[in-house]
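Hi,

Here is the structure I promised to pass on to you. Please have a look at it first, and my notes follow below.

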Amino acid sequence: PRSSHSTVRSLRGSWRLGNANGSVVLRGEVPGCVHTALHRRGLIQDPYYRFNDVMYRWISLDNWTYSRTFKTPFDIRKWQKVNLIFEGVDTVAQILINNVTLGRTDNMFNRYSFDITSVIKEVNFIEVRFLSAVSYAAEQSRCHKVYSIPPACPPPVQKGECHANFIRKEQCSFSWDWGPSFPTQGIWKDVRIEAYNHYHLIYFSLTSFFVKSAQQWSLEIESIFDVVSSKPIAGLVTVNIPKLQTQQTFSVRLQPGEGSIVLLVNINKSSAVEAWWPNGHGKQTGYNMTTTFIMEAGYQIEKFSKAYFRTVELVQEPIPGSPGLSFYFRINGRPIFIKGSNWIPADSFQDRVTYDTLWLLLKSAADANMNALRVWGGGVYEQDEFYDICDEIGIMIWQDFMFACALYPTDKNYLESVRAEVSHQVRRLKSHPSIILWSGNNENEAAIASNWFSIPYADKEVYIKDYVMLYVKNIREIVLTVTVPDYITLKDF
């Protein structure tokens with residue numbers, strides 16, 4: 001089979017960056033943001049120095065545009081579909097290629113894919129026109145006329161910006177009690193062009209579980225494809241884990257559109273499976289696994305990944321002589337005492353957070369005998385490398401969704417954006433053994449319960465209804481749909 005079923009060209013590197021009236025024009029790196037570009041070129045001083053957060057407020061109030069030209073590195077006629085993919089846009093922008101508007105972005109935590117098959121040429125001009133996050137949030141809040149959604153602004157001492165809860169962006173970038181206000185604009189993750197024929201793999205994830213009745217480990221492998229062909233595509237998928245003497249081949253069919261394949265691999269019973277343990281309790285063994293898709297269209301995809309095996313139970317049982325329930329985790333059947341910390345973003349500017357930064361911080365946590373971190377809901381869903389390192393060194397992650405210390409709107413557009421964000425992030429991250437728990441938010445239930453925002457008793461119902469709508473009826477539903485395999489009933493455990 002031919003293996004070149006797709007071709008990829010990253011557009012990272014040097015872009016042109018300019019403000020709204022053209023008075024500031026400079027070179028900006030992608031991935032990057034306006035603040036780091038200005039700092040690198042010596043146009044502003046260190047943003048962290050003294051009161052520079054206030055001095056440089058003008059940067060986030062302006063509307064900036066990133067643009068560049070690029071040559072298409074392949075013959076356009078040879079590919080059925082060409083996509084422009086942004087792994088992360090911060091945050092509100094209009095995307096154009098060759099002066100055609102492809103669409104808009106309004107969520108820093110979502111991945112955006114635009115079909116550019118009909119607009120791509122041999123030489124292309126791409127533009128990302130940003131709108132100030134501060135003015136966008138203010139406008140969204142103004143439009144929400146029926147009732148206000150507190151808090152309107154941060155405490156004055158923070159010298160921050162208002163209405164962070166109206167924009168799907170790193171909440172602490174509008175200021176926090178521990179950090180400055182730098183509402184960034186920029187392309188904060190990779191941007192690339194992908195061209196392919198027939199079918200293309202978008203998400204690939206694996207989840208391990210121990211089936212008690214069979215006394216056997218199983219792996220659920222989920223693959224989600226964009227299927228370009230107009231009729232179903234049949235083929236074979238082979239999963240091979242050499243160290244565990246496990247190899248299985250499945251015949252599969254991909255439906256046109258978004259096609260998905262879910263496979264259940266039973267691990268060879270005569271192989272001794274080493275479990276993944278938290279730091280201080282054992283090894284973090286992972287097994288190399290190869291998944292090969294050979295479809296009738298004649299294209300082969302090979303996916304290399306690591307399979308980890310571990311079970312997690314949250315134990316909440318009555319405690320004799322106490323009004324409450326216990327709250328602890330059993331990993332692989334063993335109760336684990338959690339020792340850890342709260343993880344906030346490592347920098348106000350995400351593009352400065354390198355693999356080395358993450359390794360140093362996470363290794364320091366492990367060296368200090370920590371075995372868990374909570375990825376805090378006022379920051380970002382961390383980059384892939386963060387979770388890879390946690391898998392490797394045994395740091396358990398309590399993963400918040402990005403909502404913190406505020407109430408949030410539940411209008412149709414907002415909910416739609418959040419639903420896309422949650423399904424993207426859960427699919428992206430659910431293979432990591434380090435993530436032991438998904439949590440709805442940080443302190444928002446407490447805010448309603450102890451009335452932080454002095455809401456009159458008569459109005460409380462509205463906010464409780466919004467809370468249930470956002471976290472229980474939407475986020476929780478998606479997490480359960482995306483993480484719990486269809487054929488598993490909870491009694492198997």
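UniProt places the feature "domain: Glycoside hydrolase family 2 catalytic" (unreviewed entry) at residues 329-447; UniProt positions are in the numbering used here, feature names are shortened, and annotations may be inferred rather than shown by experiment. This span is 38% helix and 20% strand, with its end C-alpha atoms 26 Å apart. Helices (H or I, at least four residues) and strands (E, at least two) are DSSP runs, numbered from the N terminus.

Before going further: this is a predicted model, where local features need pLDDT of at least 70 and side-chain atom pairs count only at pLDDT 80 or more, while totals for chains, interfaces and linings use all residues. Residues are numbered from 1 along each chain as its sequence is written, and side-chain values use heavy atoms, leaving out hydrogens and water.

Helix α5 covers residues 355-367. Its residues L358, L362, A365 and A366 are buried (under 20% relative accessible area; exposed is over 50%, partly exposed in between, with a 1.4 Å probe and protein chains only). Seen down the axis of α5, the buried residues fall within an arc of 100 degrees, so they line one face of the helix (the arc is that of the directions from the helix axis to the C-beta atoms). D356, L360 and D367 are exposed on the other side of α5.

D367 also forms a salt bridge with K363 (2.8 Å, N to O), meaning a side-chain nitrogen of Lys or Arg within 4 Å of a carboxyl oxygen of Asp or Glu. The two are four residues apart in α5, about one helical turn. Another salt bridge joins R374 and D400, also at 2.8 Å, N to O. That pair links distant parts of the chain, with R374 in strand β26 and D400 in strand β27 (residues 396-400), 26 residues apart. R374 is partly exposed at 22% relative accessibility, whereas D400 is buried at 0%.

And which residues touch the most other members of the largest nonpolar core? They are F386, I397, F403 and I475, in a core of 45 residues. Such a core is a set of buried Ala, Val, Leu, Ile, Met, Phe, Trp, Tyr and Cys residues joined through side-chain atoms within 4.5 Å. At least two residues each come from α5, β26, α6, α7 (412-429) and α9 (460-483), and α9 gives the largest share, eight residues.

Best wishes

How values were computed: Expected span 1.5 Å × (residues − 1).
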